[in-house]
Amino acid sequence: MSARAPASSEHWSSLLHARGLRVTEGRLSVLGHIDAHPHSSASAIHAALAERRPPLSPQSVHNIVNDLTEHGLLRRIDPPDSDSALYETRLHDNHHHVQCIVCHCIEDVDCAVGAAPCILPPQTHSMRIIEATVTFRGICTACDCPDAHGSHGAATGPEATPTAAGSRSATCSPPSTRDLHHARTPPKKGISID
Ligand SMILES: [Zn+2]
Ligand SMILES: [Zn+2]
Ligand SMILES: [Zn+2]
């Protein structure tokens, strides 16, 4: 989740204008929704905006996200553990993602370099490398020790810290990873079971 203040519709209107796009209620609604809910799929956006008037058909939502992506107002990502493309308004910082392989929740992680391509392969086959698409896959804290955490969506204490596979930090019961030398089991946080 981003801590940024939500962008105003004036902000989106001026961006649409700058790209030569017509400012429509549908585009503003979609941009506002994605800004507040990063990494939304078209179907999630459609469901979330179903109550809006005028209603948007699934096809209109698809058209809007495609147009806005094409014009550089949205970034589309296709993480391996998501069924469909996801959209976000956080652009131009080459940030990467970490996704839980169990519940498929996804979070932003900063790029150490901040610009693409931040990684170059040992051989490029004479291609000019444009970007490296990096998705870290891991297991979120809620999935790693489900007995110790509430269900997803319930805000339990500090923000969950996603752990990338291979660089996990043991925050609860240790996973059965053979290269984990010693299991650190810190004291459990205050847990309330309803
Ligand atoms: Zn998870
Ligand atoms: Zn993102
Ligand atoms: Zn990077």
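How many contacts beyond four places in sequence does the model have for residues 173–194, where pLDDT stays under 50? The model has 14 such contacts for residues 173–194, a contact meaning that the C-beta atoms of two residues, placed from the backbone, lie within 7 Å. For residues 153–171, where pLDDT also stays under 50, there are 30. Here pLDDT is the predictor's confidence in each residue, from 0 to 100; the chain averages 81, and 74% of the residues score at least 70.

This is a predicted model, in which local features need pLDDT of at least 70 and side-chain atom pairs count only at pLDDT 80 or more, whereas totals for chains, interfaces and linings use all residues. Residues are numbered from 1 along each chain as its sequence is written, while chains are lettered from A and ligands numbered from 1 in the order in which they are written.

Helices (H or I, at least four residues) and strands (E, at least two) are DSSP runs numbered from the N terminus. The axes of helix H2 (residues 25–36) and helix H4 (residues 58–70) come within 10 Å and cross at roughly 75°. H2 and H4 are therefore roughly perpendicular, a term covering angles of 65 to 115 degrees. H2 contributes Gly26, Arg27, Val30 and Leu31 to the contact, and H4 contributes Ser60, Val61, Ile64, Val65 and Leu68.

Three strands form an open antiparallel sheet in the order E1-E3-E2, pairing being assigned where DSSP finds at least two bridges. E1 and strand E3 (residues 86–88) pair over two bridges, and Ser40 stands opposite Tyr87 in E3. Strands E1 (40–41) and E2 (75–77) each have a single partner strand, so one side of each lacks a neighbour in the sheet.

Methods. Axes are lines fitted to C-alpha atoms, for helices over the stretch in contact, and angles run from 0 to 180 degrees between N-to-C directions. Angles under 35 degrees count as roughly parallel, over 145 as roughly antiparallel, 65 to 115 as roughly perpendicular and the rest as oblique.
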